[in-house]
Amino acid sequence: MTTMTDTWFKLPAGVTYVLGPEVRRRRTIERIVFETFHGWSYEEILLPVYDAHALFVQSTGSHPAEATYCFTDVEGELLALRPDLTSLVARTVATRCRDWPRPIRLCYGGEVFRNTHAARRVASATWQLGAELFGNDRLEADVEVLLVALEALERLGLEKVHVSLGHAGILAGVAEELGLSAGQRETLRQLIDRRQYDALETWLREQSAPALWRDLLSVHGQSAALHHLRVQTRNDHILAALDDLEHVFDVAAALGIADRLTFDAGAVGRLGYYTGMTFHIYVPGSGLAVGSGGRYDALTRLFGVDEPAVGFQLSLDHLIRVLPTLSVPMPRTTALDADGDDLTAAFQYARQCRRAGERVEIRTLRHSNSPER
C-alpha cells in the first residue's frame with residue numbers, strides 16, 4: 001500500500017535535482033556560451049515554459065508533439081510544456097518583430113520537456129543554449145552560426161570537436177524520386193535519424209526503392225563524398241543541397257577548419273522543420289551530440305511570414321558530461337564567527353566584506369534543532 005509520505009519522498013521517473021558544485025559548473029558553461037553569443041551580437045530572449053499544444057504540433061511535427069507533457073487551462077484550452085525552443089523564437093519574430101531591421105539575432109537558454117524516456121529514468125527535462133539568425137538566406141548566415149557554435153565550444157576547452165554536415169534537400173530529393181507521401185517521407189526521416197539501418201533497408205525495399213537510393217543515403221566523407229553523390233543523380237533538390245555543402249567546405253578550408261567537417265547524407269534533423277544545411281557536433285570519445293542545428297526557412301510561414309532562418313542549440317546536459325574537469329574558480333571565503341555576544345559587530349564586518357566583493361560564511365559553534373531567537 002502506497003502512503004502519502006511515500007509519494008512525497010519518491011522521485012518521479014525522469015526528474016533530477018542539481019546541487020552545489022554541479023550548479024556552479026553549469027553556470028560557468030552558461031556564462032561562457034552567452035559571452036560568445038553576445039560577442040557575435042545575439043540578443044537574449046526569454047521564452048515561456050508552456051504554450052498552445054497546437055503550436056508544437058504544427059512546428060515540430062506530430063511525432064515530437066506526441067511526446068509533450070499536456071494539460072488544460074481553466075478555459076479548456078490544450079497547453080503543453082515546451083518540447084522545443086526554436087518554434088517559440090520563430091513565432092516571436094514572426095508576430096512581434098516584423099518592423100525590426102534584418103537580420104535579427106537572438107539567443108536563449110532554458111529547459112525543454114519531452115515525455116519519452118521515463119521508463120529508462122533518463123531526465124525528461126533537458127537544458128539547451130541556443131542562437132537563431134533570421135532574415136538572411138545567404139551562405140554567410142549558415143557559416144556564421146556554425147562558427148558561433150565552434151567558438152563557444154573552443155572557449156569551453158573543446159577544440160577538437162567533429163561536425164557532421166547534412167542537408168534537408170537530400171531527403172527531399174530522395175522523397176521526390178520515390179514519390180513518397182508526406183507521411184512516408186516522415187517515416188523515412190525518422191528511420192534515418194534513429195540510424196535504424198536494418199529497418200530502413202526493409203522499408204525502402206517495401207517502397208520498391210532502387211538500390212541507388214539506399215546507397216546514396218549511406219554516403220559520408222568530405223569533398224570527395226559530395227562529388228561521388230553528384231555524379232550519381234540529376235535531382236534538382238540534391239544538386240542544390242550539394243552546392244550549399246560544397247560552399248561551406250570551401251569557406252571552412254579557407255578558415256583552416258575543414259578537417260573538422262564531414263558530410264553525412266544520413267544526417268537529418270530530429271525535427272521536421274529543417275529545409276537546408278543541418279549539422280551535429282560531436283566530441284571525440286563520446287557518442288553524444290553536444291550540439292545541433294541548421295536552416296529552417298519554412299518555419300515562420302506557419303505564422304504568416306516568409307522569413308529565412310538558421311540556428312543551433314547546445315545541450316548543457318551533454319556538455320557537463322564531456323567537461324568533467326572544467327575549472328570553476330571559487331572566490332576566497334572570509335569565515336566569520338557569530339558565536340560571540342556581539343552579533344552586531346559580526347554582521348557589520350560581514351557587510352563590509354560583502355561591499356568589498358568578498359565571499360563570506362557565517363559560522364557558529366553551537367548547534368541546535370531549535371535556533372535561539
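What share of the 373 residues of the chain count as buried? The answer is 45%, where buried means under 20% relative accessible area with a 1.4 Å probe, protein chains only. This is a predicted model, so local features need pLDDT of at least 70, side-chain atom pairs count only at pLDDT 80 or more, and totals for chains, interfaces and linings use all residues. Residues are numbered from 1 along each chain as its sequence is written, and side-chain values use heavy atoms, without hydrogens and water.

**View 1. The largest nonpolar core holds 70 residues.** Such a core is a set of buried Ala, Val, Leu, Ile, Met, Phe, Trp, Tyr and Cys residues joined through side-chain atoms within 4.5 Å. Ile-29, Leu-188 and Phe-263 touch the most other members. Helix H6 (residues 139-155) gives the most to this core, 8 residues. Helices (H or I, at least four residues) and strands (E, at least two) are DSSP runs, numbered from the N terminus. Another core, of 25 residues, lies apart; Leu-106, Phe-134, Ala-168 and Tyr-296 are among them.

**View 2. Surroundings of Phe-263.** Neighbours within four places in sequence are left aside. Contact means heavy atoms within 4.5 Å. Phe-263 contacts residues including Leu-165, Ile-170, His-220, Leu-245 and Phe-249.

**View 3. An open sheet of 9 strands.** The order is E1-E5-E6-E12-E11-E10-E7-E9-E8, with mixed pairing. Strands pair if DSSP finds at least two bridges between them. Strand E1 (43-44) and strand E8 (220-221) are the edges, each pairing on one side only.

**View 4. Strands E10 and E11 run antiparallel.** 5 bridges join E10 (residues 277-282) to E11 (residues 289-295). Thr-278 has Gly-294 in E11 as its bridge partner.

Methods. Buried means under 20% relative accessible area, exposed over 50%, partly exposed in between (1.4 Å probe, protein chains only).
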